[in-house]
Amino acid sequence: MIWQIELIVLLIVLICGIGAIMVKDLLGAAILFGAYSFMMCLLWAIMGAVDVAFTEASVGAGVSTVLFVAAVFRTSRRTKD
Amino acid sequence: MNELISIVLSKLNYWVYIALMMVGLYAMIAKNNLVKKIIGMNILQTAVILFFISIGAKTNATIPIIMHGHAGESHAVHAADFINPLPHVLMLTAIVVAVSTLGVALALVIKLYQQYQTLEEDEILEQLGDE
Amino acid sequence: MKILKIVTVLLFGGLLIYFTLDFPPWGDPQAPASMHVSPRYIERTIEETSVPNIVTAVLADYRGYDTMFETIVIFTAGIASILLLRVLKRTKSERQMYRHVPTGLTLRIEKGFGPPPGSKDFERIDLMWVPYDLIVKTGSRLIVPFSQIFALYVIAHGHHSPGGGFQGGVILGASIILFAISNNLRSSFTLISEKLAVLLCGLGVILYAGTGALCMFFGSNFLDYGALSHILGVDPVTARSHGILMVEIGVGICVMAVMVLLYYNLASAGRHDEGL
């Protein structure tokens with residue numbers, strides 16, 4: 001595919017991944033993880049893996065983010081680190 | 001110098017995927033919070049899946065669904081026109097295993113919070129050391 | 001201590017980068033990964049199984065044993081979340097909130113007390129209750145049935161388009177989770193109770209393994225769908241296509257039930273009374 005699109009999506013993936021482990025709010029980390037997962041799905045669709053992209057869109061950006069938010073709801077939201 | 005640049009440019013894709021894997025591995029090892037560790041585990045898993053999918057890519061090839069296939073026509077199918085489907089199959093199983101592990105890990109985190117009232121690893125180790 | 005961890009990560013990364021110097025160029029059609037088994041799958045899947053989607057054919061037919069164990073893994077995750085979190089002793093929580101329906105008054109009742117039994121004016125609400133929101137309720141009421149139809153479409157068209165059993169099962173589970181989030185968690189128990197979800201989990205795995213065992217009754221190997229042509233009455237190639245469909249339905253049912261079970265147990269921390 002056009003390599004410029006692939007480069008931009010790859011950069012967003014890297015920034016979301018580093019951001020998800022650096023923020024101090026666990027709810028923000030869960031949402032950033034959902035965004036990271038969705039950008040991964042785009043990257044795989046660019047590379048032609050449509051079945052894998054479909055699965056990651058429904059599992060990662062859907063159910064996985066909801067499970068994280070449910071777990072953060074039942075435990076604490078702030079973290080010191 | 002020129003050949004060094006050409007080596008770097010041809011392998012730059014793989015190096016970015018390895019950098020993503022190392023981000024996930026660093027989060028698993030060095031962070032104190034348990035939920036951050038689980039996020040790092042998932043980042044590592046999806047980065048490995050990305051690495052595998054990139055191995056199966058082919059230039060000028062199309063997605064692995066054969067058009068006009070079910071009507072029983074038998075025009076020849078060349079393997080070089082289609083992207084390699086075998087890594088896709090293996091990575092579908094890997095995504096399923098990742099979400100299963102995520103579910104069980106989050107259940108363990110909730111149980112730990114109910115027992116120790118905190119999610120930081122060093123505070124849990126202190127409470128364990130007192131007993 | 002932190003220095004040691006950073007050094008470990010950098011060392012590992014450097015080692016992996018050194019290994020990639022041996023790799024073939026990106027996108028090479030002559031790479032070793034594309035040379036041995038996968039050309040056979042690509043070229044022979046139409047004449048052997050008549051399924052155009054090569055990934056579904058390889059996943060459910062050529063590597064069907066692997067997919068059966070993947071279904072068992074996700075079944076185990078659902079059961080493990082029940083075994084870890086489920087609290088069966090019905091101890092009342094510290095305080096409960098009740099709402100008097102005719103006047104709209106909300107009460108917070110401490111431990112040991114309760115509303116007068118048999119009166120229909122009090123309804124139990126969550127600790128984090130918000131008033132009736134038109135947009136959320138209407139939106140979810142519109143989205144849930146259409147997403148369920150879409151999920152059934154994805155399962156049934158796994159042969160011709162990207163999709164299959166697993167994707168459709170997750171979307172079905174997500175529609176029930178959407179209903180549980182927009183309404184109460186307790187009102188979602190009337191749709192899919194816990195007993196029904198556990199039964200559906202097991203039913204999915206039995207459907208998969210049962211299809212494989214059915215093939216053994218006719219003298220072939222386990223999970224060799226060509227033997228199903230004896231009971232379906234078609235030629236072996238079409239029988240393999242139908243076998244793939246049956247197996248995908250089994251996977252979809254199991255995955256839906258496990259997603260619902262995981263959400264129930266995580267959002268209510270095992271008590272099944274209040275949720276997100």
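I'll start with L266(C), which touches L67(A), A70(A), A71(A), L106(B), A107(B) and I110(B), leaving out residues up to four places away in sequence. Touching, or being in contact, means that the C-beta atoms, placed from the backbone, lie within 7 Å.

This is a predicted model: local features need pLDDT of at least 70, side-chain atom pairs count only at pLDDT 80 or more, and totals for chains, interfaces and linings use all residues. Residues are numbered from 1 along each chain as its sequence is written, with chains lettered from A and ligands numbered from 1 in the order in which they are written.

Next, the core. The largest nonpolar core has 126 residues, and those touching the most other members are L67(A), V258(C), M259(C), V260(C), Y263(C) and L266(C). Such a core is a set of buried Ala, Val, Leu, Ile, Met, Phe, Trp, Tyr and Cys residues joined through C-beta atoms within 7 Å; buried means 20 or more other C-beta atoms within 10 Å of a residue's own. Helix 10 of chain C supplies the largest share, 20 residues; helices are DSSP runs of H or I, at least four residues, numbered from the N terminus. The core lies between domain 1 (2–42) and domain 2 (53–88 + 132–267) of chain C, because both give residues to it. Those bounds come from an automatic or database domain assignment.

Now the interface. Here 18 residues of chain C are in contact with 14 residues of chain A. On the chain C side, helix 6 (165–182) and helix 10 (236–267) each give two or more residues, and helix 6 gives the most, with seven.

Terms used:
Two residues are in contact if their C-beta atoms, placed from the backbone, lie within 7 Å. A residue is buried if 20 or more other C-beta atoms lie within 10 Å of its own, exposed if 12 or fewer, and partly exposed in between; C-beta atoms are placed from the backbone.
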